[in-house]
Amino acid sequence: MNDCVLEARGVSVQYPGTLALSNVTYSLRRGQIGALIGENGAGKSTLVRVLAGITQPTSGQLVCDGSPLPQSGVEMAARLGIAIIHQELNLCPNLTIEENIFLGRERTRWGLIDHREQRRVTSQLLGRLNLAVDPSLRVGDLPLGQQQLVEIAKALAGNVRVLMMDEPTSALSAHEIVTLFRIVRELAASGVAIVYISHRLEELLEIADTVTVLRDGRLVAEAPASEVDVPWIVEQMTGRSAASSQAAGEVAVTEPILTVDGLTLFHPHGRALLRDVSLQVRSGEIVGLYGLMGAGRTELLESIMGLRAAAQGSIALGGKALDKLDTSERIAAGLAMVPEDRKTAALFPGHSVLSNLTISQVGALARRGWLSPTAEQVPGQQMCERLTVKTPGLNAPIDSLSGGNQQKVVLGRCLMTAPRALLLDEPTRGVDVGAKEELHEKIRQLAKEGAGVLVASSELDEIRALAHRVVVLSRGQVSGEFAHHAASDEALACAASANGAIQEVRT
Amino acid sequence: MTLKLLQLRALLVLLALLAVFAALSPAFLTTGNMTILIKHVAINAILAIGMTFVILSGGIDLSVGSVAGLAGIVAGALLNKGLVLTKWGVVVYFHTWLVILIALAVGALVGAMNGWLVSRIRVAPFIATLGTLYVARGAALLLSGGATYPDLAGRQELGNTGFLQLGSGTVVGVPVPIVFMVILAGLGLAIALRTPFGRRVYAVGGNERAADLSGVRVKSVKLWVYVISGFLAALVGLMIAAQLASAHPATGETFELNAIAAVVLGGTSLSGGRGGIGGTIIGAFVIGVLADGLILLGVSEFWQIVIKGLVIVSAVVLDQLQDRQAQRAVALLRSNS
């Protein structure tokens with residue numbers, strides 16, 4: 001097997017609370033495009049980070065050209081020609097394209113940066129990517145899609161032998177994707193080993209030579225791309241056959257509790273993040289909000305919560321207009337939201353489980369301005385029991401809980417205010433399978449008790465397991481709406497990658 | 001849990017310092033010396049209580065020293081010269097209580113200005129309060145023409161005597177500044193730990209985005225922490241003026257640094273959300289005991305400054321080592337469960 005450039009042998013990664021990778025053996029071959037597939041939290045990004053030397057495996061080793069690497073590290077990876085294009089951009093917006101591409105490996109003459117040479121090479125690289133922009137433009141001034149291409153140019157500037165791309169097309173236009181695919185094929189033909197991660201399955205089958213599926217940190221399937229199809233991949237990803245979706249059933253037609261009408265939101269640089277989005281959530285109903293990365297799911301939920309001052313359009317809860325209210329007033333009116341990123345938007349690090357749970361309600365729990373310990377502990381304890389939070393105690397720091405239990409605490413915080421409409425953004429991201437089931441069950445329960453639930457997810461499986469009705473967003477617009485029984489994977493995936501406005505409305 | 005450990009560590013440092021100085025200098029543990037020491041500590045501790053709220057919320061208040069100076073000058077001007085209303089050709093002298101209230105209000109107002117700049121205009125706290133540091137100091141100099149207001153005792157016929165009690169008076173034998181420190185420390189502790197406001201301060205400093213999403217009025221919380229800090233700074237300014245029986249426009253220079261040092265020594269994280277008033281009080285005592293003890297031992301003034309700096313830095317280094325250990329312990333705990 002001389003073709004094998006880089007191999008992860010029996011690699012495991014233990015994160016606090018979760019086993020992100022469990023005994024995975026994965027090899028990259030010269031000239032081969034390998035697709036890495038899995039749901040969120042399946043371990044794709046972790047595996048890529050291990051291969052790139054960013055994350056140290058807890059056990060197992062990396063083998064390069066047949067010999068084990070004594071130690072891994074970012075510098076070692078760079079020396080071996082391993083480049084990675086992250087899901088999030090790693091560019092300095094304040095520097096020019098040229099400066100970004102040569103950051104850390106500047107071409108110098110007499111100790112000074114040789115801008116002329118750098119600009120020449122940059123122009124060449126950009127030309128290869130069909131990107132006709134001036135190398136001396138500041139990266140922050142470019143649209144997101146072009147920034148992504150700069151990131152790719154940066155990876156190509158070095159001597160690449162292994163190129164790993166984590167969701168490289170999420171911000172690209174259809175035209176830019178065609179260019180990217182051409183470059184990827186060229187690179188593979190010249191002997192570069194490529195790892196390609198994407199949620200867009202059709203796209204993967206088009207570009208990849210092999211398909212590798214991860215689930216819950218384990219490598220569950222590997223096959224040549226020519227021998228597999230989308231249903232097979234979905235089955236491997238979710239662990240059950242695509243047909244056996246859990247029926248969420250029908251919901252009695254009730255009055256809409258949450259109404260969004262003509263919501264439009266512009267990015268500060270002028271791009272529309274949301275365009276004329278209208279939807280309704282009825283009492284007792286779970287509405288799934290599906291869309292690819294960058295489709296505007298999070299922006300929609302944040303606008304409803306009043307976190308996006310620039311949002312235009314009208315939002316009403318139980319017939320009462322929310323438009324002039326700030327976030328805390330909207331919460332008081334009966335809205336609550338579980339944000340996508342637990343760490344940056346939901347948890348108070350170092351604070352106790354209890355204060356994380358009660359923060360939305362401290363005003364109401366206080367008597368004559370004072371919070372007595374019991375006034376907090378009793379409802380806190382009840383909420384922990386209701387959501388079966390596993391914690392050493394109410395005063396344990398929130399950081400000591402597993403991801404799933406942290407998420408239950410965040411959900412519990414929302415329930416403390418007894419919301420009439422609940423917005424959930426990727427409610428089970430980074431949560432293990434058991435806790436995921438439990439969280440799903442709680443969400444169904446909440447809807448049964450009469451709350452309207454809007455759940456945004458990039459996982460088809462989750463949407464199918466929860467939603468009575470699915471609204472699909474594509475590039476900031478509603479591109480489809482499906483009743484539960486009509487929401488097949490194919491239909492949702494098709495609507496999610498749609499370019500235009502509403503294609504069809506099936507009920 | 002880590003929080004209690006940190007406070008415990010600061011307390012151990014304090015006890016060690018007390019033991020060392022008591023052993024080396026017979027004059028150290030005398031009632032007279034202790035009273036002077038604690039009166040000094042009270043000044044810094046009261047500033048540091050306000051500073052703790054600001055730092056817990058994720059901000060910083062560099063203006064407290066200047067605000068103390070301004071409040072002293074305002075009180076001095078009102079007591080000495082009264083309010084001159086040239087239009088009507090009258091001079092109004094206020095009752096002592098009213099003078100005190102006006103000076104405190106000026107402090108709270110400067111604090112509100114800081115809070116407004118930070119929360120509404122979104123100026124970085126460091127910059128906003130650096131600006132008010134200069135403005136308040138300049139205002140104090142302008143008000144007094146750079147001069148000192150001597151003799152704040154007041155005059156019987158004007159009914160504005162008694163101001164000096166703030167600095168040199170006693171309540172059942174305990175000096176007023178110490179009484180204030182005890183009351184404010186207790187109040188500060190209760191507000192931080194037992195009121196919705198206190199909880200929200202921790203939340204805003206711990207994770208502003210999450211606080212916003214949890215319905216906390218982040219802007220209002222930020223405004224109020226600076227108002228508290230400004231108010232307490234003014235109170236300190238009045239106490240100093242009363243102790244000296246005169247108001248000088250340069251009063252309080254670099255006091256903000258001592259207050260920040262006390263907060264940091266007490267284990268409150270400069271990035272906000274962690275720590276508390278209890279640690280701050282201990283931190284203020286560590287600084288006070290160190291200064292007093294070194295003077296008694298005849299250590300040169302210049303060495304005192306160097307030693308103070310070393311103690312602050314090593315305390316923070318210790319914190320970080322401990323923090324890393326605690327994190328490792330948490331990670332271990334979780335991987336085993």
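Mentor: In chain B, 51% of the 337 residues count as buried. The model is predicted, and every value here is computed from it. The chain is built from 13 helices and four strands. For 337 residues, a compact globule would have a radius of gyration near 20 Å, and the 21 Å of chain B agrees with that. Taken along the principal axes, the C-alpha atoms of chain B fill a box of roughly 80 × 55 × 35 Å.

In soluble globular proteins, nonpolar side chains tend to be buried together. The core here has 253 residues, and the members that touch the most others are A75(B) and A234(B). Helix α10 of chain B, residues 218-244, supplies the largest share, with 19 residues. Leaving out residues up to four places away in sequence, A75(B) touches V99(B), I100(B), A103(B), F163(B), L238(B), A241(B) and A247(B). Of these, L238(B) and A241(B) fall within the range of α10(B).

Next, the partner chain. The contact draws 24 residues from chain B and 32 residues from chain A. On the side of chain A that touches chain B, two or more residues each come from α10 (327-333), α11 (342-345) and α13 (362-365) of chain A. The most come from α10(A), which gives four residues. Sorted by class, that side of chain A has 17 nonpolar, 13 polar and two charged residues.

Chain A itself has 18 helices and 23 strands. Its radius of gyration is 24 Å, close to the 23 Å that the globule rule gives for 507 residues, so chain A is as compact as a globular protein of that length. Its C-alpha trace spans about 70 × 50 × 45 Å along the principal axes. Buried residues make up 50% of its 507 residues, and among its contacts between residues at least 6 apart in sequence, 68% join residues at least 24 apart. The domain assignment gives domain 1 (4-238), domain 2 (245-334 + 419-507) and domain 3 (347-416). The C-alpha centres of domain 1 and domain 3 of chain A lie 40 Å apart.

Two elements of chain A show the burial at residue level. Strand β10(A), residues 193-197, is mostly covered, with five of its five residues buried. In a regular strand the side chains alternate between the two faces of the sheet. Here A193(A), V195(A) and I197(A) point one way, while I194(A) and Y196(A) point the other. β10(A) pairs in the parallel sense with β3(A), residues 33-37, over four bridges, and I197(A) is the bridge partner of L36(A). Strand β9(A), residues 162-166, also runs parallel to β10(A), joined by five bridges, with M165(A) opposite Y196(A).

The other element is helix α9(A), residues 297-305, where nine of nine residues are buried. Among them are R297(A), E299(A) and E302(A), along with L300(A), L301(A), I304(A) and M305(A). Just after α9(A), G306(A) takes a positive phi of about 85°.

Note on methods: Residues are numbered from 1 along each chain as its sequence is written. Chains are lettered from A and ligands numbered from 1 in the order in which they are written. Two residues are in contact if their C-beta atoms, placed from the backbone, lie within 7 Å. Ala, Val, Leu, Ile, Met, Phe, Trp, Tyr, Cys and Pro count as nonpolar, Asp, Glu, Lys and Arg as charged, and the others, Gly among them, as polar. A residue is buried if 20 or more other C-beta atoms lie within 10 Å of its own, exposed if 12 or fewer, and partly exposed in between; C-beta atoms are placed from the backbone. A nonpolar core is a set of buried Ala, Val, Leu, Ile, Met, Phe, Trp, Tyr and Cys residues joined through C-beta atoms within 7 Å. Domain bounds come from an automatic or database domain assignment. The radius of gyration is taken over C-alpha atoms; the globule rule is 2.2 Å times the number of residues to the power 0.38. Two strands pair if DSSP finds at least two bridges between them.
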